[in-house]
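Me: I have a model open and want to learn how to read its features. Take me through them one at a time.

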Amino acid sequence: KKIRTRLLIPETSFGKAIKREDKEDLRETRFLQPSIYDPKETIAIWNNKIAYTTWDKDLETVVIENDTLIEMMRMVFETCWKIAKK
């Protein structure tokens, strides 16, 4: 469907490898310092949903539909996006 995405990740060698595939994956990646942002889970926001996924021994995802929570998480993402390194 040619949906473009934005990704915030720690600035590591693995993160830089991910960024090299941005064009083919229709994605823009930006980096935050690992000392302030090194998550052990992912957060995905789309439409009126937010999903939290843990990548430990038991892969688990929680999907929430709550407009107030989603709006707050969008504000957090946009704030981080503005300070992130290209």
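**Reading strand β3 and beyond**

Reply: Start with one residue. Buried means under 20% relative accessible area, exposed means over 50%, and partly exposed lies in between (1.4 Å probe, protein chains only).

Me: What kind of model is this, and how are residues numbered?

Reply: The model is predicted: local features need pLDDT of at least 70, side-chain atom pairs count only at pLDDT 80 or more, and totals for chains, interfaces and linings use all residues. Residues are numbered from 1 along each chain as its sequence is written, and side-chain values use heavy atoms, with hydrogens and water left out.

Me: Where is Ile-43, and what does Ile-43 touch?

Reply: Contact means heavy atoms within 4.5 Å. Ile-43 is in strand β3. Not counting residues up to four places away in sequence, Ile-43 touches Ile-50, Ala-51, Tyr-52 and Met-73. Now take a C-alpha distance. Ile-43 and Phe-77 are 34 residues apart along the chain, and their C-alpha atoms are separated by 9.9 Å.

Me: What about Thr-42: which residues does Thr-42 contact?

Reply: Thr-42 also needs a place, and that is strand β3. With neighbours within four places in sequence left aside, the contacts are Ala-51, Tyr-52, Thr-53 and Trp-55. Thr-42 and Trp-55 are 13 residues apart along the chain, with 8.1 Å between their C-alpha atoms. Thr-42 counts as partly exposed, at 35% relative accessibility.

Me: How many helices and strands does the protein have?

Reply: Elements here are DSSP runs, numbered from the N terminus: helices are H or I with at least four residues, strands are E with at least two. The protein has two helices and five strands. From the N terminus on, they run β-α-β-β-β-β-α.

Me: Next, rings. How many aromatic pairs does a search of the whole structure find?

Reply: Rings of Phe, Tyr and Trp (its six-membered ring) pair if their centres lie within 6.5 Å; planes under 30 degrees apart count as stacked, over 60 as edge-to-face, and the rest as tilted. The search finds one pair. Phe-77 and Trp-81 form that pair, and it is stacked: 5.6 Å centre to centre, with 20° between the planes.

Me: How do Phe-77 and Trp-81 relate along helix α2?

Reply: They are four residues apart in helix α2 (residues 67–83), so about one helical turn separates them.

Me: Is Trp-81 buried or exposed?

Reply: Trp-81 is buried, with a relative accessible area of 6%.

Me: Which charged end sits over the ring of Trp-81?

Reply: A charge sits over a ring if NZ of Lys or CZ of Arg is within 6 Å of the ring centre and within 35 degrees of the ring normal. Here the residue is Arg-6, with its charged end 4.9 Å from the centre of the Trp-81 ring.

Me: Now the backbone. How should I read phi?

Reply: Most residues other than glycine have a negative phi. Leu-26 has a positive phi, near 55°. Leu-26 is in the loop between α1 (13–19) and β2. At a relative accessible area of 27%, Leu-26 is partly exposed.

Me: What is the phi of Asn-47, and where is Asn-47 found?

Reply: Phi of Asn-47 is near 45°, a positive value. Asn-47 is found in the loop between β3 and β4 (49–54). Asn-47 is exposed, with a relative accessible area of 64%.

Me: Let us go to the segment after α2. Which residues does Lys-85 contact?

Reply: Lys-85 lies in that segment, after α2. Neighbours within four places in sequence aside, Lys-85 is in contact with Glu-11, Arg-30 and Phe-31. Lys-85 and Phe-31 are 54 residues apart along the chain, yet their C-alpha atoms are separated by 5.0 Å. Lys-85 counts as partly exposed, at 44% relative accessibility.

Me: How far apart in space are Gln-33 and Asn-66?

Reply: They are 30 Å apart, C-alpha to C-alpha, and 33 residues apart in sequence. Gln-33 is in the loop between β2 (27–32) and β3 (41–46).

Me: Last, the whole protein. What does its C-alpha trace span?

Reply: The trace spans about 35 × 30 × 25 Å along its principal axes. Buried residues make up 22% of the 86 residues.
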